[in-house]
Structures are given as C-alpha cells and as structure tokens.
Amino acid sequence: MLVALAWCVIASCAPKANIKGRVLADGKALAGVLVSDGEQIVTTDSKGRYAIRSTKKDSVVFVITPSGYVCSSQDGLRPSFWAKVDAPAGKVEKHDFFLKKEDQSFYTAILTADMHLSKDPRRDDLERFSDIVLPKIDSIAKAASLKGPVYTMNLGDITHDVYWYEMGFTGEDAVEYLKEVGYPTLMYALSGNHDNDGAIVGENVDERAAWQYRKLWGPSHYSMNIGSDHWVMLDDIIYINTEGQGKKAPGIKGARDYDEAFREDQLEWLAKDLSFVPDTARVFICAHCPMLVCLKKDKLKLPEEQVAYVDSLLSRFEKGAIHFAGHVHRFDVCDCERYPSFIQYALPATSGVMWETPKDCPIYAADGADGGVMVLSSEQGSEPVMNYHTYRYGEKYYRIYDMNEVGKAYAAHPGARLQQERFGGSRLDYSLPKYRNWVYVNYWGWRPGHTVEIYEKGKPLEVIRTINEDPIHNFSFDIPRLLNPPPHVHHRAEEKNNHMFRAKASSADKEITVVIKDENGKVLHKEVMARPKPFSLNMR
C-alpha cells in the first residue's frame, strides 16, 4: 500500500506530464481523488489537481469516483467520469472532472446483461424492451430511490453486432434509444463480444473494433467506490474476427470470434487499482464473460493463470468478493475451492434468449428462468441483499414441473418429434416412460449451500440434483427455431443448467410439497403442488 502511494505521488509530480486537470466537487477542489489513464493511477493534490505523464495508449483518462460522490452526466444516462484523450503523446491536454456529493450509505444496483438491442422487426426487441423490461426497471428504480441512489451496472452486449449493418442499429443508436425511452438511472457499462464492429479485421482488431463502445461508454476497464463497496468494470473479451470466415451477414467481414481472457496490461492496472482499496471493503468484479464454468466442476472459461491471479488479488478482502458476469444467458452461480476469494454470479440475459421467445408468452432465459433483472441493495455495515425481479411475476426463483404432463406435451408436439428425428440422442425426450411420475424443480435462485426438499403427502422423497434441459426453454426457443428457422440460426444440444432438482413420486395424482432452504436451514420458499399440474408456456 505504501509503495503504491509513493509511486502515485511521484507519478502525479512527474515532469513533462501530458494529461492534466482538476477534480471538483460541487464547485470545490477535491483532494486525494484517484485519476487514471488506464495504465497509471495518480492522486489529486490539495487544490484538486492531477498530472499524468501518459503514453496515451488507452486514449482515455478517468476519475475513480470516491465514496460519497457521483460524477455529473451530460445526458442523464452515462456518467461523465471519463474523457477522450485525442492529442498526440507529445502534446499536453487538460480534462477536468465534476462530481457531486451523494449519500451512499444505502444504494441499489440494477444488474443488466445482454440486452441485444437490434431493431429487428422479426423479434420486436425495441418494443418488447419498452413495453415489458423498462416498466419493471422503472418500478424497481422508483421504489429503491426512496432509500438511496440507484445505478445500473450493464454487463455487456447492449447491442448485437450482426445487426449493426443489417438493421442499421449500432451502439450509438442504442444509446439514443435508451435516452429516448427515459432509462431511469445512470448506467455504468462494459464491453461484450457483440459490442465490437464485425466490419473491422486485420491487425490490432481488438482495439480498433471497439471504437464505437469507447466513443460512447469510455474505458475498457475502470472502477468506482460506492458507499463502502468498490466496483471494478473489466473487459475479458479479446476480439479476433478472423477475416473471411463466419456468418455472411451484411457488413460483417469476419467470424466475430474472440478469446475469453483479460489483456495482461488490464490485470496490471487491476493490481494497482485494488492496492488503494482497504481490506475492509467489499469488492465487486464485473466482466462480460464469467471466469468459472458452473456446469462442470473446476472448469474455467478464462485462462487458469489469470483466474488464479485475480483470486490472489482478492484474497486480502475480509468480506470477500463477488464476480458478476453475463454472456451465458442463464444463471450460473457457483464457487470453487481452488479460488476461494470470490463467488460467481453469471446472470441471465435481460433479453431472455436474445428476444427469440414467442411474443405471446413470457420472456424466458436459456435455462428456463423467467426473464428479469438482478437487484443488489447495499447498506453500509450490512451484507448486500440480492433479489431477482422477473418481468411478469415480480420476485420469483423457481418453477415446478409435473413430468407426466410435460411428457404428454412432448409426445403430442410435432416439433418435439421432429427434434428427436433430427437430433436423436443429443436431445432429451421427456415423453419416454422413464420420466413418468417424476417431479422436477428448476430452482434458478440456487446458491451454494441451498437445498431443495420434495415431499409426497408429507413423506420425504429422495431429491437428486441433476443437469438437464428445461422443457419450457425447449418449447419456447429451440423447437420454434427448428420449425421456423430465423436468420443466423444454429442448432445445438440441449441447454443444460446446474439448478434442476428431481424426485420420483409414487403415483400421478398425489399432492407434492416443495421446500427450499438456505445454507443455514432457513426456509426460503414453500409451495404445495396439486397434481396433475398442466404444462404450458404460460404456466406459473
């Protein structure tokens, strides 16, 4: 810590500084504020001044907002915590930052991911966002604002690169749309794989293809302090876009492929950033791609040495750390014994499955969860509280299936039969006799340590946690795409999830009770299910 502070003081006083400015709060100079160019981090002096001798490699300068303050915003959507650095390295440029005090002893963060806005008339994504998603976010923000400030943390893929040129709807159009519909909070964003320009190929494509994101949202990595918490936004997508390969969509010149990894210079910056954070703070690490693969124990999506390094950086924080991610379009909540310093919450897409579910049924995620957003409430001195708010039902965390009725639907639906003919053993066939009298619980609210108990007329049944596909996801996404293939379609094996629980009942009509408990044995949910329970895309 002392080494980092000494280094920053030296950096702030370095000769030939080429980025300078002041940080002001409510018109007054603010001392001790951290400012970064994406590589170095310096502190403001007693007059609020900072100075960086920068390579200008990242073409940005930004303030790491101190606790109890928020940056101004020119458009009510994007906080003005950063500025574009566009002069040559040998030229001095000046950028000031303007903060205002804000009581953050209690605040709320709405976590969104994978909005995939595209203006595609086939999916009506803009209309569904404004008619279904936005009213829910509005109501959450309105209620939460009575207790304290509300922010949105967007985990990437605000747009969908395939449609930038096909639909004429780019990242810039998405920003204008969100402003036009009156998105209710400031939004901190990070870049996802679909936020890159697929028309750009060749050398240094990772940086060049992100030009629009950087123009609109700023740094590829940054952080801010909110209340007693420290939030870090990172980019773990290294864009490749192999030329001449991939989907032949209008304007797209490459495969839109990418590596799931951090840049090494970004990890170097992360170490510097965290060196200023006290051990007593809680740290939230946000990125588009999750680090862990919860479906397969101890499997990683990012390079092992990078996950181990991030874990080591987080190890000194007494309250632990939470890693938030999107990308997988489903709940993927897990921890890992090898990396004990953080727990991972990969969240379902705000768009469900990219707005591909039928318009006459609810929005569902890829794991069968009802579409919604995660809401985190943080009060100083208390553990954060996280609740999942679905668009249709409010807080909802599970669904119970009577597999006898599910089996009848599979047997009767021509799409399900075609699926079996075409893909055979790669797809589950719930019409088979082996699924009769089973009860399945898709508990997407599952966390490590939670348990699901299933009773038949008061008698406990053996509960097995299984990795299986959700039938509603199959009927609302895969089968419709098989019967009526949309553009850019692909078919795959079942979309598995790690939060399906099942038990076999003794008959087809006895009452079932499901009890869900947390790691301390506290009952979180209890439901009595009369059988038979009909299966449909609109079931509760």
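Me: Before we look at this predicted model, what counts as a cavity, and which residues line it?

Reply: A cavity is a set of grid points where a 1.4 Å probe fits but cannot get out, and its lining residues have an atom within 4 Å of a point. Rolling a probe the size of a water molecule over the atoms shows where empty space is left. In this predicted model, the count is four cavities of 30 Å³ or more.

Me: Which residues line the largest cavity?

Reply: That cavity, with a volume of about 90 Å³, is lined by I158, T159, W164, G171, D195, Q212, Y213, L216 and W217. Helix α6 (residues 211-217) gives the largest share of this lining, four residues. Sorted by class, the lining has five nonpolar, three polar and one charged residues.

Me: Now to a single side chain: is H323 buried or exposed?

Reply: A residue is called buried when its relative accessible area is under 20%. H323 has a value of 1%, so H323 is buried. You will find H323 in strand β21 (residues 321-325).

Me: What lies around H323?

Reply: Leaving aside residues up to four places away in sequence, H323 touches I285, A287, C289, P290, M291, F342, I343, Q344 and Y345. For I285, there is also a polar detail: its backbone oxygen lies 3.1 Å from a polar atom of the H323 side chain.

Me: And how does the radius of gyration of the whole chain read?

Reply: A compact globule of 540 residues would have a radius of gyration near 24 Å, and the chain agrees, with 24 Å. Of its 540 residues, 61% count as buried. The chain has 11 helices and 34 strands.

Definitions and conventions
Residues numbered from 1 in each chain as written. Predicted model: local features only at pLDDT ≥ 70, side-chain atom pairs only at ≥ 80, totals over all residues. Heavy atoms only, no water. 1 Å grid on protein atoms, 1.4 Å probe; cavity = no way out; pocket = protein on both sides within 12 Å on 5 of 7 lines; lining within 4 Å. Points joined across faces, edges and corners; volume = space filled by probe spheres on them. Helix = DSSP H or I, 4+ residues; strand = E, 2+ residues; numbered from the N terminus. Nonpolar A, V, L, I, M, F, W, Y, C, P; charged D, E, K, R; others polar. Buried < 20%, exposed > 50% of the residue type's maximum accessible area, 1.4 Å probe, protein only. Polar contact = N/O pair within 3.5 Å; in protein donor to acceptor, adjacent residues only side chain to side chain. Contact = heavy atoms within 4.5 Å. Rg over C-alpha atoms; globule rule 2.2 N^0.38 Å.
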